[in-house]
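I am opening a notebook page on a structure that is new to me, and I will write down what I look up as I go.

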Amino acid sequence: MNKESSNRSLTEKNFGLSEADFIKLLAEMKEGNESMFEHIFLSHFETNIRYLRRTFKLSHSEAYDLCMETMVRFRDKLLKGKIAYGNLGFLFNQMSRHLFLQSLRRKDVHERALLSTLSFAPDTSEEKEYLFVLLKQAWESLGENCRSLLKSFYFDGVSLKDLAQQEQKSDVALRKQKQRCVAKLKSQMMRLMNQ
């Protein structure tokens with residue numbers, strides 16, 4: 001491979017930027033000029049969305065949200081000097097992949113907590129998969145108020161006290177509402193299991 005071809009390959013891996021262009025745009029970005037950020041957005045955003053959709057079977061909106069979050073973090077790392085020229089496109093894709101896997105781990109922890117609250121403790125991966133399918137079906141059958149309350153408490157980690165303040169309800173009233181919602185969810189799961 002000749003030097004020109006090698007340079008072209010390197011620029012392709014770095015959003016079409018030569019190392020000199022990268023250094024120049026990074027310096028400008030640190031002074032408030034967003035040209036580099038715009039360049040990365042225009043050159044790699046759709047590529048990353050396709051990568052996420054193909055690799056993880058995400059919807060366009062899920063991939064879009066993940067790509068936007070990666071953009072923000074990537075920009076922050078650029079400004080802090082934590083990213084160097086080399087294979088920026090690969091690094092960007094790996095950051096988005098890492099964010100997706102992190103979200104799966106958080107979701108799994110929250111789903112396990114919810115299942116244990118419902119008194120369902122799967123022993124095998126097949127049971128776990130089956131219970132998650134039932135949980136999803138039972139979840140869809142809940143009303144919006146119950147879904148919102150349980151999502152805030154179990155998945156977003158908002159305390160009942162904070163939720164009560166947001167809803168302008170007493171702690172006791174909200175705790176009872178949560179108990180009723182959990183009971184409805186458990187009842188729906190039991191009904192689905194017995195079908």
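How many disulfides does a search of the whole structure find? I keep in mind that this is a predicted model, and I note that the search of the whole structure finds 1 disulfide.

Entry on the disulfide. I looked up the pair and found that Cys 146 and Cys 181 form it, with their sulfur atoms 2.1 Å apart, which falls within the 2.5 Å that a disulfide requires. The pair links distant parts of the chain, since Cys 146 lies in helix α7 (residues 144-155) and Cys 181 lies in helix α9 (residues 171-193), 35 residues apart. I then checked the torsion about the S-S bond of Cys 146 and Cys 181, which is about -80°, so I record the disulfide as left-handed. Are the two cysteines buried or exposed? I find that both Cys 146 and Cys 181 are buried.

Entry on two packed helices. I turned to helix α3 (residues 35-56) and helix α4 (residues 60-79), which pack at an angle of about 140° with their axes 9 Å apart. That angle makes α3 oblique to α4, and I note that the crossing of α3 and α4 is right-handed. The contact includes Phe 37, Ile 40, Phe 41 and Arg 53 of α3, and Tyr 64, Cys 67, Met 71 and Arg 75 of α4. Sorting the residues of the contact of α3 with α4, I get 15 nonpolar, 2 polar and 2 charged.

Entry on one contact residue. Cys 67, one of the α4 residues in that contact, has a relative accessible area of 0%, so I list Cys 67 as buried.

Key
Residues are numbered from 1 along each chain as its sequence is written. This is a predicted model: local features need pLDDT of at least 70, side-chain atom pairs count only at pLDDT 80 or more; totals for chains, interfaces and linings use all residues. Side-chain values use heavy atoms; hydrogens and water are left out. Axes are lines fitted to C-alpha atoms, for helices over the stretch in contact, and angles run from 0 to 180 degrees between N-to-C directions. Helices (H or I, at least four residues) and strands (E, at least two) are DSSP runs, numbered from the N terminus. Angles under 35 degrees count as roughly parallel, over 145 as roughly antiparallel, 65 to 115 as roughly perpendicular and the rest as oblique. A crossing is left-handed if the near helix is turned anticlockwise from the far one by less than a right angle, and right-handed if clockwise. Contact means heavy atoms within 4.5 Å. Ala, Val, Leu, Ile, Met, Phe, Trp, Tyr, Cys and Pro count as nonpolar, Asp, Glu, Lys and Arg as charged, and the others, Gly among them, as polar. Buried means under 20% relative accessible area, exposed over 50%, partly exposed in between (1.4 Å probe, protein chains only).
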